[in-house]
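Thanks for coming, everyone. Please have a look at the structure on the screen, and then I'll walk you through it.

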Amino acid sequence: MSENDFYTPTDLERLRMENELLSFEVRFLRSRLGWSGRGPGSSVSLNRLAHLEEAEQDLVLLVRRMASSPLGPFFRIKGEFRTLEERYVLSPETQDPYSPNRLAYLEEAEKDLLLLLRRMGTGPIGRLFRLKREFRTLEQRYL
Amino acid sequence: MGSTSTITDAGRPVFYAGRFADRVSDASLPEGCVVLDDWDVLPARLADVMEGASTLVVLDLFSFPFEALSGVQRDVPLIVALPAGFDTDFLTTVFGKAVFERLDFFDRVATADSGAWMSLRRRYGWAEGQSIRLGNGGPDEAAGEIWALLEAESAAPTFFGDGSYEAARYWSERGDALAESVPHRAICSVRHGPDFNKAMHRVQKAALEPQFAAAGGARAEDVPFDVLEVGVGIGRWAASFDLAKTRFFGVDISEGMVAAARANFPEGRFDRLEPDLRFPCDDESFDLVFSVTVMHHNPTPAKRTLLSEMWRVARPGGRLLFLEDFVVGRWSEKSTVYPMSVLEFVGLLLEATNWQVTLEHVESLRYPHDDMTRGGIIAVSKLGVPKRW
């Protein structure tokens, strides 16, 4: 391959303009996908992202608290709980905030939290949980 | 200011004669013309011949393997000669998907049957300028007529301006100079051949048409879609709209271009833009206002005026759409561009619209012949409450 086959820009001003154009496009795509709050036109995405981040944190705290409680071994009998613990406490996907999978991960976490809260709130055991102010807050916030 | 060239300067035309190869070979096509029979279109041979071709003329539509054209071969402008003696329903059934739907603004249809042309033009939204009217002779005579036309187009004087660049005067004179003889040379790049311009058009079309569709949105059948193109040229983007449901209006600084656009798309409405750049339209009259490679040819004061006007005539909720070169330099007084980076342009746009817009789409474009990303699309929607209901 000859040297001329390589991309060898010589015009720095054009290079700067190209860089600016590509960066602008990336900023736009990120804001549209909700990967980052930076950039114009991202206010809705930013709110959504903040909500999802909060849901994920609440889920992690909730699962951790359940696992470390005296009822932890009892909860672990259930495969679903072990999955949640594995996914969010033991090996959480502490991802780069700009990772392309970040949004999908957060949405999955929100869905898991809703399912967990619904499940905890039904049946006679739900009344016990509701004695706890923190549980009532979570229910109010997400259900 | 003007210059002429010969047909071989821009590459040679390739004639696919198929079953008529004997007759076409006997016709008086000049040297340098390539004539193919139906054995010459096996992939390897076709690829060899298509390299450096300026135009592919298909005289035997029934036997040409269109599916064998791939990659850059599709950027070679096509001229397809309609087979005589078949009605349009038959032609549409046989060639609709494989050929007609794929024809682009830089492709043309040659036929002696004006009724068939009119019917197909309406069905596929072609421009009147894509038609080549043939006599009633056979394929050999058709080949000769098409050759003569290509030769005349190559020999037609083109336009490069006469020195320093002044946007309004240059585009007005250039449009008027090219409108009669070679209107297709007035769009994209006048310095390059039709295959270069078809390739540019292909990239632009792939990026623009989804934006046109997004701007049209889901509207009821009886609600017309009002569209304004600024710098409409010969009206090539009108072909991207269903003109039965769209009220397409185009303005251009060149009277010649406006006349060519009217001839190309009689269903549209086209008007001359006066030197003060004020649009002859009421406030809030259009759902989509767009320009393609117009802004970067104008100095900043003209850009401001055009942006303000585009903003004025767009309806609240409507869209403004721009396809421009954001990576370009100005090397001399003769250069026809006023460079603007994307952020400089966005700054002007926000200023002209008083920040009353939301960003809908950003997309960079790289043309096949470029080593850098050059173009970009920016779409914004207009915020606000309509002045009248």
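B:S291 is buried, because it has 22 C-beta neighbours inside 10 Å. Here is the scale: a residue is buried if 20 or more other C-beta atoms lie within 10 Å of its own, exposed if 12 or fewer, and partly exposed in between, with C-beta atoms placed from the backbone. B:S291 sits in strand β10 of chain B. Helices (H or I, at least four residues) and strands (E, at least two) are DSSP runs, numbered from the N terminus. Which residues does B:S291 contact, leaving aside its neighbours within four places in sequence? They are B:E229, B:V230, B:G231 and B:F322. In contact means that the C-beta atoms of two residues, placed from the backbone, lie within 7 Å. B:G250 is 41 residues from B:S291 along the chain, and their C-alpha atoms are separated by 9.8 Å.

A word on what you are looking at. This is a predicted model, where local features need pLDDT of at least 70, side-chain atom pairs count only at pLDDT 80 or more, and totals for chains, interfaces and linings use all residues. Residues are numbered from 1 along each chain as its sequence is written, while chains are lettered from A and ligands numbered from 1 in the order in which they are written.

Now a second single residue. B:A213 lies in helix α7 of chain B, residues 194–216. Is B:A213 buried or exposed? It is exposed, because 11 other C-beta atoms lie within 10 Å. B:F241 is 28 residues away along the chain, with 8.8 Å between the C-alpha atoms of B:A213 and B:F241.

B:E284 is not a glycine, yet it has a positive phi of about 50°. B:E284 is in the loop between β9 (269–272) and β10 (286–292) of chain B. It counts as partly exposed, because it has 18 C-beta neighbours inside 10 Å. B:N354 also has a positive phi, near 55°, in a residue other than glycine. Its loop runs between α10 and β12 of chain B. B:N354 counts as exposed, because it has 11 C-beta neighbours inside 10 Å.

On to helix packing. Two packed helices are described by the angle between their axes and the distance between the axes. Axes are lines fitted to C-alpha atoms, for helices over the stretch in contact, and angles run from 0 to 180 degrees between N-to-C directions.

Take helix α9 (residues 300–313) and α10 of chain B. They pack at an angle of about 50°, with axes 9 Å apart. So α9(B) is oblique to α10(B). Angles under 35 degrees count as roughly parallel, over 145 as roughly antiparallel, 65 to 115 as roughly perpendicular and the rest as oblique. From α9(B) come B:K303, B:R304, B:L307, B:S308 and B:W311, which meet B:L348, B:L349 and B:A352 in α10(B). The residues of this contact divide into 5 nonpolar, 1 polar and 2 charged. Ala, Val, Leu, Ile, Met, Phe, Trp, Tyr, Cys and Pro count as nonpolar, Asp, Glu, Lys and Arg as charged, and the others, Gly among them, as polar.

The other pair is helix α6 (residues 167–179) and helix α8 (residues 255–264) of chain B. Their axes come within 6 Å and cross at roughly 45°. That makes α6(B) oblique to α8(B). On the α6(B) side, the contact uses B:G175, B:D176 and B:A179. On the α8(B) side are B:E255, B:G256, B:M257, B:A259 and B:A260. By class, that is 4 nonpolar, 2 polar and 2 charged residues.

How do the chains meet? 15 residues of chain B are in contact with 15 residues of chain A. On the chain B side, α10 (342–352) and β12 (357–365) are the elements giving two or more residues. The largest share, 5 residues, comes from β12(B). The chain B side divides into 7 nonpolar, 6 polar and 2 charged.

Last, chain A. It has 7 helices and 0 strands. Buried residues make up 16% of its 143 residues. How confident is the predictor? pLDDT is its confidence in each residue, from 0 to 100. The mean for chain A is 78, and 77% of its residues reach 70 or more. Over residues 37–44 of chain A, pLDDT stays under 50. Where pLDDT is low, the predicted coordinates should not be read in detail.

Note on methods:
pLDDT = per-residue confidence, 0-100.
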